[in-house]
Amino acid sequence: MATTNTKDQNAAIGLEGGTLIATSRRARLAEFWYYFRQNRGAVIGLAVFVIIVAIAVLAPLIAPHGPSLQNRGAFLLPPVWEDGGRWEFVLGTDAVGRDILSRLIYGARFSLFIGVVVVSLAVTVGIFVGLMAGYFRGAVDTAVMRMMDIILAFPSLLLALVLVAILGPGLTNAMIAIALVQQPHYVRLTRAAVMAEKGRDYVTAARVAGAGNLRLMFKTILPNCTAPLIVQAALSFSTAILDAAALGFLGMGAQPPTPEWGTMLAEAREFILRAWWVVTFPGIAILVTVLAINLMGDGLRDALDPKLKRS
Amino acid sequence: MFRFFLRRLAVLIPTFIGVSIIAFAFIRILPGDPVMLMSGERVMSPERHQELTHLLGFDRPLWIQYVDYLGGVVTGDFGNSIVTKRPVLNDFLTLFPATLELSICAIIIAILIGVPLGILAAVKRGSWLDQSVMGFALVGYSMPIFWWGLLLIIFFSGVLQWTPVSGRISLLYYFPPVTGFMLIDSLLSGQEGAFTSAVSHLVLPTVVLATIPLAVIARQTRSAMLEVLGEDYVRTARAKGLPPRRVIGLHALRNALIPVITTIGLQVGVLLAGAILTETIFSWPGIGKWMVDSVFKRDYTVVQGGLLLIAGIIMIVNLIVDMLYGLVNPRIRH
């Protein structure tokens, strides 16, 4: 009888603890949303981003044509509002008769995919290395930071370009190269945050309670270092899209006929003085996507930075 | 100050050695046979291959090859281009003034427009002016500049026919380079219309290259200015009854400019990366286009030497910025 009681009590406490955590998490989320909402640009950015994600997900359903379908007899057709435009091809067609709107819709998939892969790669490696450097200091730290200084000494696009040239042109290698040139930023941020947190009382308390190095690093310290990392992730998501498009434009990223926006621009270059639309629309797509993400990034920074909240 | 300089230099040297190791390693991890690449001979007997391997020094241990390369670099020998057979350093020195001219013009434009816009936005915080300046800055910051360049070509070269599409000066003019800066050389040549032609070639690339630094400088100036305007000494200056122009121009701006100087210094990397795209679009014969062309031609000695030279320039500029920063802000020297 007595045992059951204890169990019940434990269960009750456990349940309460669970609810408490859930409420505090919800409260924090509500607080975050409150500050995020203050920034009108950030909300617009978020809305546009959600629309782009929806377009990317629903591409096969909403695109009027296939991205690689070449329509004979419809080469370099202008957009519908120009003379000679057809409703069939709202934003016109390119030099081999592919519908530009459909290619842009499918292109959204590539850009978001690039952003997600690059940021995940750079964040994972960067946080791990930064944690190591900030936690263990000493020789590991010096070696890691010198290595990061070396990577940062090169202009990032140039280093990515040369890396892709070595690895071989293509989307996968472009993503690896961009992730590699981006991860020093995460290493530095994580290291700085870890160094600031490491001396705090709660870390010492956890250590006294017998937590090992791994637990201290990943469970105790890391969750308290996330705010600057989230902001950096948003910013590097947009940089990744821009850099991948730039590599595509230079012919070193995604290869034709992939409907990647930068690659589309590269293919369109020779027609710039004859058919403005093949150049204009892919660029607008890149600009709008990057702008939306940067707007969101600004809002995230305002909402997550406690210094700005008070002012 | 001198000790501060030495300390910075002490960090710089190992970084430069690391950079040189990376540049050196690139050519070794490439797919393909470096001997074949370097010699340019396609079909060769094993004896000839061995002979060339020995001649080019590839049969020596890697670290000896590296020390040899580094020794060359220190004395200014970056090897010869695989394609043109000319010394890499010569090509770099011929092309660098074009990039330098473009970068200097771009950063001047970015500062001349970005700093006043940032100040205005901060002083009129929350107004429509502030919002539109920050809006433009965000668009500039998010701009894919390779597309921006193409748009400008469509409009100004295509529709309006105001500016040429590519190059540094019209083919009508020829004069030997004196300074390497087309604006100065065209004036020195005394040929009528040469300077105008050089300017019209320079305008669009400059605008494209200045876009991102301008946006960054405007944003940074605004936030630095906002921070300073909230300080006590600014309030004191206002309370003394100084005219707003003096408070902002003298008391606030001088302190706000400290972080802005750093930002401007950091733009050098942005400019050189931007030069890769800008020069490719406008066929501007500088080191950005040179690097891209060499990557495509697999001219690896040029890529290797170019990487090293560009990284070296960025590191030296960063050192200078650090020194300037130490000069205007004595606190960080310690």
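Me: How many residues of α9(B) are buried?
Reply: Helix α9(B) is mostly covered, with 27 of its 36 residues buried. Please note that this is a predicted model.

Me: Where does that helix bend?
Reply: Helix α9 of chain B, residues 194-229, bends by about 40° at Thr211(B). A proline, Pro213(B), follows within four residues of that point.

Me: What secondary structure does chain B have in total?
Reply: Chain B comes to 13 helices and 0 strands. Buried residues account for 38% of its 334 residues.

Me: What box do its C-alpha atoms fill?
Reply: Taken along the principal axes, the C-alpha atoms of chain B fill a box of roughly 90 × 55 × 35 Å.

Me: Into which domains is chain B divided?
Reply: Chain B has domain 1, covering 2-74, and domain 2, covering 91-333. Their C-alpha centres lie 34 Å apart.

Me: How many residues of each are in contact?
Reply: In chain B, 15 residues of domain 1 are in contact with 13 residues of domain 2. On the domain 1 side, the largest share comes from helix α1 (residues 2-28) of chain B, which gives 12 residues. That side of domain 1 of chain B divides into 12 nonpolar, 2 polar and 1 charged residues.

Me: Turning to chain A, what is its secondary structure?
Reply: Chain A comes to 13 helices and 0 strands. Buried residues make up 43% of its 311 residues.

Me: What is its radius of gyration?
Reply: The radius of gyration of chain A is 25 Å, whereas a compact globule of 311 residues would have a value near 19 Å. The C-alpha atoms of chain A fill a box of roughly 85 × 50 × 45 Å along the principal axes.

Me: What share of its contacts joins residues 24 or more positions apart?
Reply: In chain A, such pairs account for 69% of the contacts with a separation of 6 or more. For chain B, 71% of the contacts between residues at least 6 apart in sequence join residues at least 24 apart.

Me: Which domains does the assignment give for chain A?
Reply: The domain assignment gives domain 1 (1-36) and domain 2 (40-308) of chain A. The C-alpha centres of these two domains of chain A lie 37 Å apart.

Me: How many residues does each chain bring to the contact between them?
Reply: The contact takes 33 residues from chain A and 36 residues from chain B.

Me: Which elements of chain A give two or more residues to that side?
Reply: They are α5 (138-152), α6 (156-167), α10 (226-249) and α12 (276-304) of chain A. Helix α12(A) gives the most, with 10 residues. The chain A side that touches chain B divides into 25 nonpolar, 5 polar and 3 charged residues.

Me: Which residues touch the most other members of the largest nonpolar core?
Reply: Of the 176 residues in that core, Leu158(A), Ala160(A), Leu161(A) and Ile178(A) touch the most other members.

Me: What does Leu158(A) touch?
Reply: Not counting residues up to four places away in sequence, Leu158(A) touches Ala273(B), Ile276(B), Met291(B) and Ile310(B).

Me: Now the backbone. Where is there a cis peptide bond?
Reply: A cis peptide bond joins Pro256(A) and Pro257(A), with omega about 5°. Pro257(A) is in the loop between α10 and α11 (261-268) of chain A. Most peptide bonds are trans, and most residues other than glycine have a negative phi.

Me: What is the phi of Leu76(A)?
Reply: Leu76(A) has a positive phi of about 50°, although it is not a glycine. Leu76(A) lies in the loop between α3 (59-62) and α4 of chain A.

Me: And what is phi for Ser283(B)?
Reply: Phi of Ser283(B) is near 45°, a positive value in a residue other than glycine. Ser283(B) is in the loop between α11 (244-281) and α12 (287-296) of chain B.

Me: Why does Ser283(B) count as exposed?
Reply: Ser283(B) counts as exposed because it has 12 C-beta neighbours inside 10 Å, and a residue is exposed if that number is 12 or fewer. Leu76(A), with 16 C-beta neighbours inside 10 Å, counts as partly exposed.

Key. Residues are numbered from 1 along each chain as its sequence is written. Chains are lettered from A and ligands numbered from 1 in the order in which they are written. This is a predicted model: local features need pLDDT of at least 70, side-chain atom pairs count only at pLDDT 80 or more; totals for chains, interfaces and linings use all residues. The radius of gyration is taken over C-alpha atoms; the globule rule is 2.2 Å times the number of residues to the power 0.38. A residue is buried if 20 or more other C-beta atoms lie within 10 Å of its own, exposed if 12 or fewer, and partly exposed in between; C-beta atoms are placed from the backbone. Two residues are in contact if their C-beta atoms, placed from the backbone, lie within 7 Å. Domain bounds come from an automatic or database domain assignment. Ala, Val, Leu, Ile, Met, Phe, Trp, Tyr, Cys and Pro count as nonpolar, Asp, Glu, Lys and Arg as charged, and the others, Gly among them, as polar. The bend at a residue is the angle between axes fitted to the seven residues ending there and the seven starting there. A nonpolar core is a set of buried Ala, Val, Leu, Ile, Met, Phe, Trp, Tyr and Cys residues joined through C-beta atoms within 7 Å.
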